[in-house]
Amino acid sequence: METIYWEVDKTVDSIDSYPQIKKAADFLKQNEVVAFPTETVYGLGGNAKDDQAIKKIFAAKGRPSDNPLIIHIAKQEQIKEFVEEIPAVAKQLMEAFWPGALTIILRIKKGVLSPYATAGLPTVGVRMPDHPVALKLIEQSNLPIAAPSANQSGKPSPTNAVHVKEDLDGKIAGILDGGSTGVGVESTVIDCTDQMPTILRPGGITIEQIEQIIGEVHLDSALTNKEAKPKAPGMKYSHYAPDVPLFLVKGTKERIQLLINEAKQTGKKVGVLTTKEHKNYYDADYIFACGKREDLETVAATLYEGLRSFNYKDVDVIYSEMFPDSGVGQAIMNRLMKAAAHRVIE
């Protein structure tokens, strides 16, 4: 398959100015799959109502079929077509954070969406992305769009179109290049189907922000206990991993340098994931600074780019600093723990 590549301005305000978006929407209407930018990461979109379109998403990504997809909409009215009800707490969250990096789990109406999109579950995750290109594409298609991240399953999520092309060129119909994404980590997922809302995945909207709107929320126990069974099926799989082993180091930068020295003595080439504050401290074969420790949003924005960058360097092992597990730091540490397969050096 030849993958068509379109460049668009991320500030698009009129669909008439960008026929590329119309062409991409036509592919979606024909049940093909197209990658597009959101404010979090690039998504791989397909018609959420069509079985074949959803199967193409799973095939292109190599994604396990029991891992449900998030449904993207352009207007809140769309959601009424395929969910049974919108609880009051969900309405509050929509008003506060949509469009934005928040996915809300709701109960679905039978027979509207493809069961492959929801992995046969009675619930569905829905969000409205905060990106002009994504919103125009969904609006032009006039469809609910199922869209996981546009990468090979298990690998770091794509934050620019080059990453998508590396993973999926020749496997999908098209790629809409709207430049780099902003948030850098995926949406927060919150389940609103029970009496107490539960965070299933930390992301671009922090727990602190959510609790300011709706009060106390629970955390899925699997987020803090790797032995617990996650409520969200997709959270049981490994994600975000670079091609060589990654270890998180709980300790000082001096401790990390000692590990670097020990690895070098055994003939290994070493990579380090750090921040701008510490970049010049380390003596390693390759160093990536993902933002500033004093501003964790900058770390989140470049985290996946950093994890991917090690695949292009001649390193045998990667050591990473750890970050505060609060605010957006919770999402950062969630992704790093998965990328490292929970390997932590105390």
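A crossing of two helices is called left-handed when the near helix is turned anticlockwise from the far one by less than a right angle. Keep that in mind for the first close-up; everything shown here comes from a predicted model.

**View 1. Helices α8 and α9 cross in a left-handed way.** Packed helix pairs are described by two things, the angle between the axes and the distance between them. Here α8 (residues 296-309) and α9 (residues 329-339) have axes that come within 9 Å and cross at roughly 20 degrees. That makes the two helices roughly parallel, because angles under 35 degrees count that way. On the α8 side, the contact is made by Leu296, Val299, Ala300, Leu303, Tyr304 and Leu307, while α9 brings in Gly329, Ile332, Arg335, Leu336 and Ala339. Sort those contact residues by type and you get nine nonpolar, one polar and one charged.

**View 2. Helix α4 has a set of buried residues.** Zoom in on α4 (residues 132-141) and look for Val133, Ala134, Leu135, Leu137, Ile138 and Ser141, the buried residues of this helix. What covers them includes helix α1 (19-29), along with strands β2 (34-36), β4 (70-72), β7 (145-146) and β8 (174-177).

**View 3. Val162 sits in helix α5.** The helix spans residues 161-168. Val162 has a relative accessible area of 49%, so this residue is partly exposed. For a sense of distance, find Arg63 too: Val162 and Arg63 are 99 residues apart along the chain, and their C-alpha atoms are separated by 20 Å.

Conventions. Residues are numbered from 1 along each chain as its sequence is written. This is a predicted model: local features need pLDDT of at least 70, side-chain atom pairs count only at pLDDT 80 or more; totals for chains, interfaces and linings use all residues. Side-chain values use heavy atoms; hydrogens and water are left out. Axes are lines fitted to C-alpha atoms, for helices over the stretch in contact, and angles run from 0 to 180 degrees between N-to-C directions. Helices (H or I, at least four residues) and strands (E, at least two) are DSSP runs, numbered from the N terminus. Angles under 35 degrees count as roughly parallel, over 145 as roughly antiparallel, 65 to 115 as roughly perpendicular and the rest as oblique. Contact means heavy atoms within 4.5 Å. Ala, Val, Leu, Ile, Met, Phe, Trp, Tyr, Cys and Pro count as nonpolar, Asp, Glu, Lys and Arg as charged, and the others, Gly among them, as polar. Buried means under 20% relative accessible area, exposed over 50%, partly exposed in between (1.4 Å probe, protein chains only).
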